[in-house]
Amino acid sequence: ELFMNYLKKNALLIIIMFALIFVSFQAGSMYKELTLLRDGSGILPALGLDDNVPGAQAFNVDDVVPITDRDNVMGNRDAKISLIEYSDYECLYCKTFHTTAERVVAEFDGEVKWAYRHFPIESIHPNAKGTAIAAECVRENGSNDLFWTFTREVFDGAPQDEASLISVAANLGVDITSCVVNEESVGKVEDDIASAFKAGITGTPGNILLNEDTGEAVLIPGALPQAQLTQAIENLMK
């Protein structure tokens with residue numbers, strides 16, 4: 001009874017205390033995400049590319065795992081220029097860049113292909129890997145096109161718990177219920193993660209531009225605006 005009386009008398013103080021704890025936690029999480037994801041910088045030195053393409057870094061093509069039929073690709077698979085993106089479904093910068101990349105693929109009309117690879121950062125995005133696995137299940141049991149439709153649904157705000165993801169897939173005509181625990185689907189996501197580390201990706205979105213003809217490659221960390229991504233592609237085409 002004494003405890004209940006204490007709670008009643010100090011209810012406002014207790015609410016304020018918990019509110020401050022919550023705000024502090026959110027601020028810390030946001031700062032951590034900004035540090036890890038905003039530009040992904042910190043490993044490779046800048047090597048004097050155009051100043052109007054911030055963060056662009058010369059890159060060793062030998063570190064890039066080649067695009068194969070197993071990759072999820074938007075655009076002309078025979079295009080000379082490849083955009084390889086390492087992405088995280090819970091990353092707000094990835095959501096922004098996803099729209100940018102869609103526009104750029106359309107802008108270059110068959111000259112650029114976009115391969116979407118998974119790099120879920122589980123320490124701050126606990127649902128991202130599960131969503132990546134679900135997306136691969138949509139590809140495995142559906143098609144490459146349905147993978148992209150599913151991905152757009154997620155970035156447009158579909159909940160990322162397992163039941164909701166199964167429902168999103170079902171609405172696309174794909175049953176992924178048993179697939180989400182399938183070792184092959186998990187393996188594809190883990191292979192993407194390994195290839196990200198091999199390439200020196202440090203944050204999301206982590207983007208590699210590759211000229212398939214010349215072998216020249218550029219690493220561009222972060223959600224580059226459309227005009228600057230377009231410029232980087234045009235530089236690589238020269």
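Is Gln 160 counted as buried or exposed? The structure here is a predicted model, so to speak a computed one, in which local features need pLDDT of at least 70, side-chain atom pairs count only at pLDDT 80 or more, and totals for chains, interfaces and linings use all residues. Residues are numbered from 1 along each chain as its sequence is written, and side-chain values use heavy atoms, with hydrogens and water left out.

Back to Gln 160: its relative accessibility is 16%, so this residue counts as buried (buried is under 20% relative accessible area, exposed over 50%, and partly exposed in between, with a 1.4 Å probe and protein chains only). Gln 160 sits in the loop between helix H5 (144–155) and helix H6 (162–171); helices here are DSSP runs of H or I with at least four residues, strands are runs of E with at least two, and both are numbered from the N terminus. The side chain of Gln 160 makes a polar contact with that of Thr 131, at 2.7 Å. Such a contact is a pair of N or O atoms within 3.5 Å; within protein, one must be able to donate a hydrogen and the other to accept it, and residues adjacent in sequence count only if both atoms are side-chain atoms. A polar atom of the Gln 160 side chain also lies 3.2 Å from the backbone oxygen of Tyr 89.

Leaving aside neighbours within four places in sequence, its contacts (heavy atoms within 4.5 Å) include Tyr 116, His 118, Phe 147 and Gln 160. Tyr 89 is also among the residues with the most contacts inside the largest nonpolar core, which has 54 residues. A core of this kind is a set of buried Ala, Val, Leu, Ile, Met, Phe, Trp, Tyr and Cys residues joined through side-chain atoms within 4.5 Å.
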